[in-house]
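Welcome! Have a look at it first, then read on.

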Amino acid sequence: MRTNLRAGLAAALLTVAGAAAVQLSSAAPASALDNGLAKTPPMGWNDWNAFGCNVSAALVEQTAQAIVTSGLRDAGYSYVNIDDCWALPDRDANGNLVPNPTKFPDGIKAVADFVHGLGLKLGIYEDSGTKTCSSSGGFSGSLGHEYDDALQFAQWDVDYLKYDDCNQPADQQNIPATIARYTAMRDALAAATAQTGQPIVFSICEKTDFGVPNSAWPTIGNLWRTTGDIHDQYSRVVSLFHTNVQLASLAGPGAWNDPDMLEIGNGGQTDAEYRTEFSLWSEMAAPLIAGTDLRSASAATLAIYNNADVIAVDQDSLGKQGTIVSSSNGHWVLTKPLANGDVAVTLFNETDTPATIATTASAAGLGHSPAYAVRDLWQHATTETAGNITAVVAPHATEMYRISLGADPDTVPPHTAFSLTGLDSAQPGQPTTVTETFTDDGRIPAENVRLTLDAPSDWTVRATSRSTFASVLTGQTVTATWQVTEPEPDQPFPSWTLSAKASYVWGPSSTPADVSTAQTITRPSPVRAPYRTFASTTAQFGQGGDTLGIRAAGSDVFGATNQYGSIYLRNAEQDGTTETVELTAQASTSDWAKSGIMVRNDKQRPDGRGHRDNGVPELAASDP
Ligand code: GLA
């Protein structure tokens with residue numbers, strides 16, 4: 001028997017999204033803590049998300065440098081914040097907190113001086129209980145030491161205090177005691193400021209453990225956590241958003257809902273998901289505290305943190321948190337009024353499939369105007385609309401616009417939306433109808449509109465409707481349909497990209513424009529008899545002609561571990577049988593991955609339970 005084996009390993013990423021029913025909060029607006037600070041949401045960096053307990057003066061100072069050189073300081077990031085684990089576990093004989101001399105050899109004041117020298121500010125972390133939150137034992141908390149510690153921070157020239165809520169004595173684990181603990185630190189900070197002249201932003205890190213309503217916090221802190229800890233995971237970011245978006249009425253200058261620090265750049269999400277996180281946090285006027293290693297951040301990560309158009313929404317001086325216009329089936333429309341009368345509109349597609357999401361200038365809160373300017377805050381380009389705002393939003397992605405009254409349709413192109421749908425149901429050899437949809441939201445028509453579809457040469461494409469339109473008027477949508485046929489696969493994991501394009505002209509000078517969208521299909525081709533498949537771990541299998549493919553991940557099969565995926569033949573091994581497998585490729589693997597022939601007398605799962613096929617030996621091409 002001769003089999004060509006093409007094998008590869010790849011880790012599989014799973015993301016989870018769920019729809020949520022969310023209602024606007026009806027809580028009464030509260031007045032803010034009157035310390036004159038954080039009139040716009042704080043911006044900066046904190047070590048915790050990327051480094052956990054591994055904080056040090058060197059890390060903080062190198063990060064401060066990176067904040068300057070990457071342009072983030074000039075974009076508004078000013079606080080460089082030390083999180084937990086900066087101190088020795090216990091106070092000194094005089095009851096003072098002691099910076100860990102290994103991590104902070106020159107103390108905290110020296111770091112503050114360094115950071116201030118770069119035009120930045122320094123933040124520190126403490127806890128309102130007896131110990132901080134760190135699972136590595138915890139470091140002395142500030143309970144009963146509020147005034148001394150606040151004065152110490154002020155004397156170190158610290159500008160910001162994140163104040164956590166772990167390790168409370170039993171009699172402190174209730175609403176009044178929790179409010180009293182934070183009020184004590186608020187007053188202690190005010191006293192320290194009065195004595196030293198050092199203002200300190202008060203960041204409340206109480207995660208609703210003891211049932212304190214968020215409405216208690218605006219008069220106590222400049223910002224307050226509204227959720228448990230963030231993780232670098234799309235589903236977690238979405239869940240924090242669901243909670244925080246309901247609390248808009250509490251936010252205002254000096255007082256901000258805090259859905260936790262940003263994970264952008266930490267590797268657990270796609271760039272589209274990270275843009276979503278940044279967009280949603282900015283729409284919600286949340287603190288923008290970067291939580292990644294800025295010393296080594298990629299250009300893509302820095303481009304997100306540095307998006308001045310989105311930052312301007314977050315930092316708008318009116319200080320309103322965005323509210324929900326609509327949220328059906330995971331298709332979110334939010335609007336945030338801005339100081340100059342504009343609104344920031346965010347269209348978020350929480351779901352796993354592309355979605356057309358639409359709203360209007362009037363639903364977003366703007367008064368009547370013959371045309372509105374629509375500035376795309378991620379593309380940095382401006383279009384005009386007669387009122388509708390339609391966008392095709394990719395899965396987990398967010399479009400963000402700043403909408404202004406008045407636009408000159410003679411000089412600004414019309415806002416349009418364009419989608420390609422139907423490809424999901426394509427099957428090898430089966431004709432499938434796909435549809436291109438083009439919408440003109442602009443006050444002026446799109447003219448000479450031509451919809452085209454480009455497919456790889458082994459596909460067949462046949463137009464089944466007209467695809468050119470002399471004019472698409474304000475608010476009008478046109479469609480073109482095509483019958484496409486996907487070829488029979490000639491490889492295990494084929495990949496095809498189809499590109500759809502709408503070209504048109506607009507305005508008095510017939511200015512040309514186009515909008516396009518591409519979809520890539522990657523799906524394993526089915527494995528055919530007599531071959532069978534078996535996975536004791538996550539695996540994908542494909543077959544194109546004689547070539548077989550396996551994508552799997554798992555532990556090394558060296559030793560007792562049984563993590564592998566296999567394409568196999570039952571009863572293949574008899575006396576005198578010769579098998580030949582040619583390994584034609586192995587990609588994206590670690591050094592220990594294995595591909596090739598595996599001869600077994602059963603298919604054993606990792607739990608050790610055998611799974612025998614008649615007890616007869618088998619040939620398995622397996623991986624790893
Ligand atoms: C809590 C906080 C985190 C971080 C850790 C430090 O979990 O919510 O943001 O400060 O404590 O121990």
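Sorted by class, the shell around the ligand holds seven charged residues, five nonpolar ones and one polar one. Please keep in mind that this is a predicted model. The points below begin with the ligand and then turn to a pair of helices.

**Around the ligand**

- There are 13 residues around the ligand, and those that come nearest are Asp83, Asp84, Lys162, Asp164 and Asp229.
- Asp83 has a polar side-chain atom 2.6 Å from an oxygen atom of the ligand.
- For Asp84, a polar side-chain atom lies 2.7 Å from a ligand oxygen atom.
- Asp164 also places a polar side-chain atom by a ligand oxygen atom, here at 2.9 Å.
- The ligand taken alone exposes 310 Å², and the protein buries 94% of that.

**Where helices α2 and α4 meet**

- Helix α2 covers residues 57–69 and helix α4 covers residues 107–117; the two pack with their axes 10 Å apart, at an angle of about 10°.
- Angles under 35 degrees count as roughly parallel, so α2 is roughly parallel to α4.
- On the α2 side, the contact is made by Ala57, Val60, Glu61, Ala64 and Gln65.
- On the α4 side, Ala110, Val111, Phe114 and Val115 take part.
- By class, this contact of α2 with α4 has seven nonpolar residues, one polar residue and one charged residue.

Notes: Residues numbered from 1 in each chain as written. Predicted model: local features only at pLDDT ≥ 70, side-chain atom pairs only at ≥ 80, totals over all residues. Heavy atoms only, no water. Near = heavy atom within 4 Å. Polar contact = N/O pair within 3.5 Å; in protein donor to acceptor, adjacent residues only side chain to side chain. Areas by Shrake-Rupley, 256 points an atom, 1.4 Å probe, with all protein chains shown as cover. Nonpolar A, V, L, I, M, F, W, Y, C, P; charged D, E, K, R; others polar. Axes fitted to C-alpha atoms, helices over the stretch in contact; angles between N-to-C directions. Helix = DSSP H or I, 4+ residues; strand = E, 2+ residues; numbered from the N terminus. Parallel < 35°, antiparallel > 145°, perpendicular 65-115°, else oblique. Contact = heavy atoms within 4.5 Å.
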